[in-house]
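Q: I would like a close look at a single residue and its surroundings in this model. Please keep to what can be computed from the atoms.

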Amino acid sequence: MDELQCCVVSCEKPLDQTYWNNQYQANTTGWDLGEVSPPLKSYIDTIEDKNLPILIPGCGNTYEAEYLLYKGFTNVTVIDIAPTLIEKLKTKFKDNPNIKIVLGDFFEHQGAYDLIIEQTFFCALPPIMRQKYVWKMHQLLAKEGKISGLLFNRTFESGPPFGGSQEEYELLFKVSFDFLKMEVCHNSATPRAGSELFIELQKNNEVSVNSYPFEGITCSGCKNTVSEKFTSIEGVLNVSMSSNFAEVLIISQNEIPLDTLQKEIAYDVKYKIGSKF
């Protein structure tokens, strides 16, 4: 039931550029703390390398970037899909050469970063995009790069924001990343007290992480069977399918040929796996 609800929410309310731009135009940004998140402020204070390439996706008003610049960091990139917001940020930081401000889709962005800061980006995405999030994060991180930040440790009736649990996140990021830290946050901002996890996940460079479009599944039982089929392939380490059954994330020792994947599900003519994203 939860899986179907996620799909319904994302279909009824497309979380596209128009949606997010309207939020900034109308100033309906209830998620905005108005300051750098205390856990991230504390984390930033521990980083010694001021030249570290850092990305903040879905940056919003990006108090985190502002704090990084205040602390002397020299290689900060922020990206958001909302033109109104980006124009505001370009004006705000126009005299600072240490920040790059990008208008664009995170999932089309290219680069190599040692640190990606997660602050209300994951929870703003429709849950059907979580597998693609893992794939893209792994792609954008340099060797030994990290995702650090906050995830909600609670559920919501609708979204955004969309919540989750530590158990869910552990399954989602399993094998793609090494878990340096995933624990209940004890210094959250007051409005989020008791509802956040602090994460520090390091890219696993020893695996191949790929995301594929998928067709034909109509129920959770079929999803589980297909996932088990893929898991049985030699070298496959973890399989995760999106809640609308339209995308599958496969982590393996080496990339599995597409014809091998298709052959494994050929027992049902409805099932088709497409070329990787």
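Is Glu-200 buried or exposed, and what surrounds this residue?

A: This is a predicted model, in which local features need pLDDT of at least 70 and side-chain atom pairs count only at pLDDT 80 or more, while totals for chains, interfaces and linings use all residues. Residues are numbered from 1 along each chain as its sequence is written, and side-chain values use heavy atoms, with hydrogens and water left out.

Glu-200 counts as buried because its relative accessibility is 11%; buried means under 20% relative accessible area, exposed over 50%, and partly exposed in between (1.4 Å probe, protein chains only). Glu-200 lies in strand β7, residues 196-203. Strands (E, at least two residues) and helices (H or I, at least four) are DSSP runs, numbered from the N terminus.

Apart from neighbours within four places in sequence, Glu-200 is in contact with Tyr-43, Lys-146, Ile-147, Ser-148, Asp-178, Phe-179, Leu-180 and Lys-181, where contact means heavy atoms within 4.5 Å. With one of these, Tyr-43, there is a polar contact between the two side chains, at 3.5 Å. A polar contact is a pair of N or O atoms within 3.5 Å; within protein, one must be able to donate a hydrogen and the other to accept it, and residues adjacent in sequence count only if both atoms are side-chain atoms.

Helix α3 (38-44) is also among the elements against which the buried residues of α4 pack. Those buried residues of α4 (residues 63-70) are Glu-64, Ala-65, Tyr-67, Leu-68 and Leu-69.
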